[in-house]
Amino acid sequence: MDGKGLEKALIHHCAPTLAGLKSAGLFRYFYESRQSAEQEITQVNALLWGKGVYVEALIWNKDSVLIYAYRLNHLQRELQNPETVEILQEYGYAGNDARDCIGYLKKRVCESACFPHEIGIFLGYPPEDVRGFIVNGGQNCKCCGIWKVYCNEQDKIQMFCKFQRCTDIYREVFSKGRRLVQMTVGA
C-alpha cells in the first residue's frame, strides 16, 4: 500500500487545512482492510507531522474510517477563545488542551447517535456559527456553505470561495504529480 488513496482523499477533503487556511477537516475514508488503512495513516503522518499536520482515525467502521486531519497549533489557538471554551464546557470538555479535547471528542463521536454539535469547533468553524447552529437546532441560518452561517454572512461567503479555490488548485496540482508533502504548508 503506498498511501496514495489517503493522500488523494486529503487533497480532496482537506486542502484548506493543508494550505494553513483552516485548522481541520473531516471525511470518511473507505478501505479494503483496516490494516492497510492503518498503514496509510501511519505513512501520511510520517510525511506531515513535520509540517504540523496530524491525521487521526476518529471512529472505525466495517469498511471505512472517519479521518480527522488537523493543525495542532491552529486548533490549540482556537481552543483559547472564551466563546469556544464556554461551548466545550457545556458538553463536558475539561480544559482547553487540544490533544485532551480531541481525545474527548473521539469518545463523544463513538458514543453519540449523530455527530456531536460541538464538532464544528474542531473543524475550525467560527464559534458564533457553532453556537448559532446549536441554539437554532440547525435551522434559520443566513446561508449554508461548508457550515451553516449565523453571523457575518458576507465574510463567510468570501471564506467559502477562498476554500473552494484552494481545493480546486490543490486537486489540479496533485493530479499533475505534485506530492502531498510538497503541497502542505509548514507550521
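**Exercise 1. With which side chain does the side chain of glutamate 56 make a polar contact of 2.5 Å?**

Solution. Keep in mind that this is a predicted model.

Step 1: Locate the residue. Glutamate 56 lies in strand β2.

Step 2: Judge its burial. Its relative accessibility is 18%, and buried means under 20%, so glutamate 56 counts as buried.

Step 3: Look for polar partners. The 2.5 Å polar contact is with the side chain of tyrosine 70. A polar contact of 2.8 Å also joins the side chains of glutamate 56 and lysine 106.

Step 4: Leaving aside residues up to four places away in sequence, glutamate 56 touches Leu66, Ile67, Tyr68, Tyr70, Arg99, Ile102 and Lys106.

**Exercise 2. Work out why the rings of tyrosine 54 and tyrosine 70 count as stacked.**

Solution. 

Step 1: Recall what to look up. A pair of aromatic rings is described by the distance of the centres and the angle of the planes.

Step 2: Apply this here. The ring centres of tyrosine 54 and tyrosine 70 are 5.6 Å apart and the planes meet at 25°; planes under 30 degrees apart count as stacked, so this pair is stacked.

Step 3: Tyrosine 54 belongs to strand β2 (residues 53-60) and tyrosine 70 to strand β3 (residues 64-71), so you will find the two 16 residues apart, a link between distant parts of the chain.

Step 4: Check burial. Tyrosine 54 is buried at 18% relative accessibility, and tyrosine 70 is buried at 0%.

Step 5: Widen the view. Ring pairs join Trp49, Tyr54, Tyr68 and Tyr70 into a cluster. The charged end of arginine 99 sits over the ring of tyrosine 54, 4.9 Å from its centre.

**Exercise 3. Classify the ring pair of tyrosine 93 and tyrosine 104: stacked or edge-to-face?**

Solution. 

Step 1: Take the geometry. The centres are 4.5 Å apart and the planes of tyrosine 93 and tyrosine 104 stand at 80°; over 60 counts as edge-to-face, so that is the answer.

Step 2: Locate the partners. Tyrosine 93 is in the loop between α4 (82-90) and α5 (98-111), while tyrosine 104 is in helix α5, eleven residues apart.

Step 3: Compare burial. Tyrosine 93 is buried at 5% relative accessibility, whereas tyrosine 104, at 26%, is partly exposed.

**Exercise 4. Which elements do the buried residues of α7 pack against?**

Solution. 

Step 1: List the buried residues. In helix α7 (residues 127-136) they are Pro127, Asp129, Val130, Arg131 and Gly132.

Step 2: Find their partners. These residues pack against α4, α6 (119-122), β5 (148-149) and α8 (153-175).

Step 3: See what follows the helix. After α7 comes glycine 137, with a positive phi near 60°.

Technical notes:
Residues are numbered from 1 along each chain as its sequence is written. This is a predicted model: local features need pLDDT of at least 70, side-chain atom pairs count only at pLDDT 80 or more; totals for chains, interfaces and linings use all residues. Side-chain values use heavy atoms; hydrogens and water are left out. Rings of Phe, Tyr and Trp (its six-membered ring) pair if their centres lie within 6.5 Å; planes under 30 degrees apart count as stacked, over 60 as edge-to-face and the rest as tilted. Helices (H or I, at least four residues) and strands (E, at least two) are DSSP runs, numbered from the N terminus. Buried means under 20% relative accessible area, exposed over 50%, partly exposed in between (1.4 Å probe, protein chains only). A charge sits over a ring if NZ of Lys or CZ of Arg is within 6 Å of the ring centre and within 35 degrees of the ring normal. Contact means heavy atoms within 4.5 Å. A polar contact is a pair of N or O atoms within 3.5 Å; within protein, one must be able to donate a hydrogen and the other to accept it, and residues adjacent in sequence count only if both atoms are side-chain atoms.
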